[in-house]
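Let's take a walk through this one together, starting with the ligands and then moving on to a couple of residues in the helices. Have the viewer open as you read.

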Amino acid sequence: MKDVLIIGGGSAGIGAAETLLAMGKSVAIVDSAPFVGGVALELSCKGDVECTRCHVCMPRDAASRMRSSEAMEVYPLSTVGSATLGTKDIALEVRMSPRFVDPKKCIACGKCVAICPVKGALIPPPFGAIPNAPYLDKELCKHFQGGKCDLCANICPTQAFNFGAREKVVRVRARAVIVSTGLDPIDPSGVLHYGYGHLRNVISSLDAERMVAEYGELRRPSDGQRPKRIAIIQCVGSRTTKGGVEYCSKFCCKYGVRIARSIVERWPDTQVDFFYMDLRTFEPRFEALEWAVGKKNINISQGVAGIVQDSGNGNLKVRRTLPGDASIEEGEYDLIILTVGGQPRPESKVLASKLSLQVDPLGFISKDNRKKGVFVAGSCKSPMDIEESFADGKATAFAVLEWLGAMR
Ligand code: SF4
Ligand code: SF4
């Protein structure tokens with residue numbers, strides 16, 4: 001039996017796990033993703049010249065510190081089936097999809113990823129990810145899609161591959177549970193007037209992150225050229241009744257400004273126009289914004305873009321109404337980045353009903369079930385950025401420790 005089972009290994013889950021392990025408790029983490037670590041695994045550090053406090057490193061560093069802990073067990077690619085809330089413990093059925101690579105055998109040499117002929121079929125572990133072993137995507141892998149490939153298995157020096165692996169069902173018991181299922185990014189294709197999904201050079205902030213991770217730079221999807229004029233549009237899918245959610249996602253203003261800063265610091269010949277509805281940084285002093293004010297190649301301007309159109313050569317025209325005199329301004333760009341907000345995961349609602357938690361009308365978990373030892377942490381309660389989620393995970397861990405002590 002584990003002391004605490006954490007459902008959701010993002011920033012809050014990692015923060016909670018680190019605290020619990022440091023206090024001598026045993027922990028299990030269940031996560032539906034191939035790697036435990038959450039959205040921070042997909043984001044790049046925004047501090048190229050100096051730290052901009054993006055806090056991407058916070059959960060990643062914590063996860064890589066915890067990785068070898070013997071008091072921790074990790075169930076990636078897993079979902080919770082049934083849950084039984086007993087008087088002394090909680091029993092959960094965990095369904096784990098096959099990874100086809102045994103993390104206990106893998107030494108993370110990277111040879112399999114290098115030899116794989118199919119892009120995306122074998123995903124290497126990002127820095128800080130748990131487990132530190134690749135994940136094989138069955139939907140893309142030639143071996144499972146009618147081909148004859150077994151290059152990865154043949155080159156692996158530790159025989160870590162098992163193409164015959166099947167779903168496993170395990171029963172995990174714990175004295176307490178922390179639910180920290182986080183948020184899903186909002187799909188910007190629902191905001192029709194920005195053209196995401198049909199205008200090739202309109203990308204989301206997460207697409208931009210993935211692009212930089214893959215190529216080391218931003219590229220226009222239409223021609224592979226590095227964009228010199230970029231518009232960043234804020235509040236995409238947040239604070240809207242059309243194609244998004246009505247609330248403010250809270251983290252995107254700070255995140256968007258940091259992206260803008262990172263772009264002009266890395267590529268000083270780039271002009272970035274940053275369009276916001278109103279800046280909600282939720283901090284008395286936001287250093288990245290102070291830094292940006294007065295810089296020649298970054299223009300931070302109020303007035304959300306109304307419409308994005310193709311100029312015919314892959315370039316994009318942005319038309320927006322300026323606050324004040326309501327005049328119309330038009331600009332042309334090589335690339336548009338839509339900063340997307342977050343929304344509660346559908347799985348949080350399902351889990352909440354299994355663990356007798358309350359969910360508000362927006363889908364956030366509004367009340368835990370401490371009487372039975374079920375706690376809630378991070379952005380599945382309300383929108384939070386990485387730092388706040390990580391801190392909330394730690395605070396929740398202390399509440400759990402107190403509860404476990406009270407039970408003795
Ligand atoms: S079997 Fe072939 S296609 Fe599939 S992951 Fe291995 S190398 Fe890639
Ligand atoms: S070749 Fe084997 S040991 Fe090396 S990263 Fe791939 S699975 Fe791990």
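Start with the shell around ligand 2: sorted by class, its residues come out as 11 nonpolar, two polar and no charged. Keep in mind that this is a predicted model. The shell holds 13 residues, and the ones that come nearest to ligand 2 are Cys106, Cys109, Gly110, Cys112 and Cys156.

Now hop over to ligand 1. As for the space ligand 1 takes up, it's the second largest cavity.

On to the helices. Tyr255 sits in helix α6, which spans residues 252–266. Is Tyr255 buried or exposed? It counts as buried, because its relative accessibility is 13% and the cut-off for buried is under 20%. Looking past its neighbours within four places in sequence, Tyr255 is in contact with Leu43, Lys46, Ser205, Glu209 and Thr339. Take Leu43: it lies 212 residues from Tyr255 along the chain, yet their C-alpha atoms are separated by 10 Å.

Finally, find Ser348 in helix α8, residues 346–354. With a relative accessible area of 1%, Ser348 is buried too. Once residues up to four places away in sequence are set aside, Ser348 touches Thr181, Gly182, Ile365 and Cys380.

Key. Residues are numbered from 1 along each chain as its sequence is written. Chains are lettered from A and ligands numbered from 1 in the order in which they are written. This is a predicted model: local features need pLDDT of at least 70, side-chain atom pairs count only at pLDDT 80 or more; totals for chains, interfaces and linings use all residues. Side-chain values use heavy atoms; hydrogens and water are left out. Helices (H or I, at least four residues) and strands (E, at least two) are DSSP runs, numbered from the N terminus. Buried means under 20% relative accessible area, exposed over 50%, partly exposed in between (1.4 Å probe, protein chains only). Contact means heavy atoms within 4.5 Å. A residue is near a molecule or strand if one of its heavy atoms lies within 4 Å of it. Ala, Val, Leu, Ile, Met, Phe, Trp, Tyr, Cys and Pro count as nonpolar, Asp, Glu, Lys and Arg as charged, and the others, Gly among them, as polar. On a 1 Å grid over the protein atoms alone, a cavity is a set of points where a 1.4 Å probe fits but cannot get out, and a pocket is an open set with protein on both sides within 12 Å along at least five of seven lines; lining residues have an atom within 4 Å of a point. A molecule sits in a cavity or pocket if more than half of its atoms lie within 2 Å of its grid points.
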